[in-house]
Amino acid sequence: MGYQVDKTDDEWREQLSPEEYQVLRQAGTERPFTGEYTDTKTTGVYRCRACQAELFRSEEKFESHCGWPSFYAPLAEDRVQYIEDNSLGMTRVEVRCANCGSHLGHVFEGEGYGTPTDQRYCINSISLTLEPADEARQ
Ligand SMILES: [Zn+2]
């Protein structure tokens with residue numbers, strides 16, 4: 001399975017900080033309530049920190065109080081990839097960037113958050129870079 005952005009492990013290590021590498025390339029999870037975007041309400045687009053692909057919009061971000069940035073839908077369905085994750089003794093759905101294959105987080109369904117999709121894309125802040133709308137217009 002090929003990705004548009006296809007780098008070797010060494011190239012990723014060079015490009016990313018150790019913390020970014022651990023989450024994006026080794027499917028790690030940042031500690032809850034520590035990420036820089038957990039409570040961010042800035043209008044803008046969230047890009048993949050590894051390849052800059054546009055993944056999420058602030059419009060679909062909501063307050064889940066779970067400790068990680070949460071979205072009820074991706075910017076477009078083809079921006080993300082879903083992979084069954086059976087680690088930690090449970091079945092979860094891992095969310096990856098469809099452009100470079102980097103780990104973003106997990107998606108959960110039917111939790112009753114009252115969002116339009118009843119889904120929660122639970123995404124690591126460190127997997128994303130927020131581009132505020134003001135900057136994008138310049
Ligand atoms: Zn990416």
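## Charged pairs and a zinc site

Arginine 120 is buried, with a relative accessible area of 9%. Keep in mind as you look around that this is a predicted model. Buried here means under 20% relative accessible area, and so arginine 120, at 9%, falls in that class.

What does arginine 120 meet in a salt bridge? Its partner is glutamate 111, and the N to O distance between the two side chains is 2.7 Å. Glutamate 111 counts as partly exposed because its relative accessibility is 35%. Side chains of opposite charge can pair when their charged atoms come close.

Let us go on to the other salt bridges. The count for the model comes to 11. Here are three of them, with the N to O distance for each pair.

| Salt bridge | Closest N and O atoms |
|---|---|
| Aspartate 9 with arginine 13 | 3.8 Å |
| Arginine 47 with glutamate 131 | 3.2 Å |

Start with aspartate 9 and arginine 13. Both residues belong to helix α1 (residues 9–15), where they sit four residues apart, about one turn of the helix.

Now turn to arginine 47 and glutamate 131, whose closest N and O atoms are 3.2 Å apart. Glutamate 131 is partly exposed, its relative accessible area being 23%.

Finally, have a look at the zinc ion. Which residues supply its protein donors? They are Cys48, Cys51, Cys97 and Cys100, each through its SG atom, and they lie 2.3 to 2.4 Å from the zinc ion. Along the chain, these donors follow the spacing C-x2-C-x45-C-x2-C. Cysteine 97 and cysteine 100 are both buried.

Why is the arrangement around the zinc ion called tetrahedral? Four donors count as tetrahedral if all angles lie between 85 and 135 degrees. The four donor atoms here subtend angles of 103 to 115°, and therefore the arrangement is tetrahedral. For comparison, the ideal angle for four tetrahedral donors at a metal is 109.5 degrees.

Technical notes: Residues numbered from 1 in each chain as written. Predicted model: local features only at pLDDT ≥ 70, side-chain atom pairs only at ≥ 80, totals over all residues. Heavy atoms only, no water. Salt bridge = Lys/Arg side-chain N within 4 Å of Asp/Glu carboxyl O. Helix = DSSP H or I, 4+ residues; strand = E, 2+ residues; numbered from the N terminus. Buried < 20%, exposed > 50% of the residue type's maximum accessible area, 1.4 Å probe, protein only. Donors = N, O, S within 2.8 Å, 3.2 Å for Na, K, Ca; no water. Tetrahedral: all angles 85-135°; square planar, octahedral: opposite > 155°, others 65-115°.
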